[in-house]
Amino acid sequence: MATTAVGVGGGVLLGNSICFHKTQQFSISKSSPVSVSEIGFVTSQLSGIKISYNPPKPLSAPFTPALQPVLARRICPFTGKKANRANKVSFSNHKTKKLQFVNLQYKRVWWEAGKRFVKLRLSTKALKTIEKNGLDAVAKKAGIDLRKE
């Protein structure tokens, strides 16, 4: 046995209560007084009315922003050095965990093959290695393309 629902200002009037929903199709039918039913259905135990609706279809692809933020990680690209996990020991010998970060510096380094300066974020150890072996050799060993820098 189907009952009718009366629309009131964007809502649906059922007995003495008003249900508001955004642009959804409703179907109301009389059912047995069971409180638990399928997903998407709400059953009232007092009146035995089963209310169902058709949810809007999801978009075909989820929204993704065009540009992803670039994370500046505390890792040297040339040597692969990263933070070390260590203990901070107090006077009472109480140990708490801490991170010992790499000494990273922004440095303009002359690139001989490209005849220009390249701005790099590298560790001081990598800077000493570049002074000793040359920028091209260290970048080639690390697998870094200096044309993109």
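Strands, as used here, are DSSP runs of E with at least two residues, numbered from the N terminus. On that basis Asn93 sits in the loop between β7 (84-89) and β8 (95-100). The model is predicted.

**Overall layout**

The protein chain holds two helices and ten strands. Read from the N terminus, the order is β-β-β-β-β-β-β-β-β-β-α-α. The chain has 149 residues, and 17% of them are buried.

**Nonpolar core**

In soluble globular proteins, nonpolar side chains tend to be buried together. Here the largest nonpolar core has 16 residues. Cys76, Phe78, Leu120, Leu122, Ile130, Leu135 and Leu146 have the most contacts inside this core. Four elements each supply at least two of its residues: β9 (104-111), β10 (116-123), α1 (124-133) and α2 (135-142).

Leaving aside residues up to four places away in sequence, Phe78 touches Leu120, Leu122, Ala126, Leu135, Val138, Ala139, Ala142 and Ile144.

Ser123 lies in strand β10. Is Ser123 buried or exposed? Ser123 counts as buried because its relative accessibility is 2%, and the cut-off for buried is under 20%. Its contacts, again without residues up to four places away in sequence, are Cys76, Thr79, Lys81, Val102, Asn103 and Leu104. Cys76 is also among the residues with the most contacts inside the core.

**Helix packing**

Two packed helices are described by the angle between their axes and the distance between the axes. For α1 and α2, the axes come within 7 Å and cross at roughly 120°. α1 is therefore oblique to α2. The perpendicular class covers 65 to 115 degrees, and the antiparallel class starts over 145.

Which residues make this contact? From α1 come Thr129, Ile130 and Asn133; from α2 come Leu135, Ala137 and Val138. By type, the contact divides into four nonpolar, two polar and no charged residues.

**Salt bridges**

The structure holds two salt bridges.

| Lys or Arg | Asp or Glu | N to O distance |
|---|---|---|
| Lys115 | Glu112 | 3.1 Å |
| Arg147 | Asp145 | 3.1 Å |

How accessible are the partners? Lys115 is exposed, with a relative accessible area of 55%. Glu112 is partly exposed, at 47%. In the other pair, Arg147 is exposed, with a relative accessible area of 65%. Asp145 is partly exposed, at 30%. The assignments follow from the cut-offs, because exposed means over 50% and partly exposed lies between that value and 20%.

**Positive phi in loops**

Asn93 has a phi near 65°, a positive value in a residue other than glycine. Its relative accessibility is 49%, so Asn93 counts as partly exposed.

Lys115 also has a positive phi, about 55°, although it is not a glycine. Where does Lys115 lie? Its place is the loop between β9 and β10. Lys115 counts as exposed, at 55% relative accessibility. The side chain of Lys115 meets that of Glu112 in a salt bridge.

Note on methods
Residues numbered from 1 in each chain as written. Predicted model: local features only at pLDDT ≥ 70, side-chain atom pairs only at ≥ 80, totals over all residues. Heavy atoms only, no water. Core = buried A, V, L, I, M, F, W, Y, C linked by side-chain atoms within 4.5 Å. Buried < 20%, exposed > 50% of the residue type's maximum accessible area, 1.4 Å probe, protein only. Contact = heavy atoms within 4.5 Å. Salt bridge = Lys/Arg side-chain N within 4 Å of Asp/Glu carboxyl O. Axes fitted to C-alpha atoms, helices over the stretch in contact; angles between N-to-C directions. Parallel < 35°, antiparallel > 145°, perpendicular 65-115°, else oblique. Nonpolar A, V, L, I, M, F, W, Y, C, P; charged D, E, K, R; others polar.
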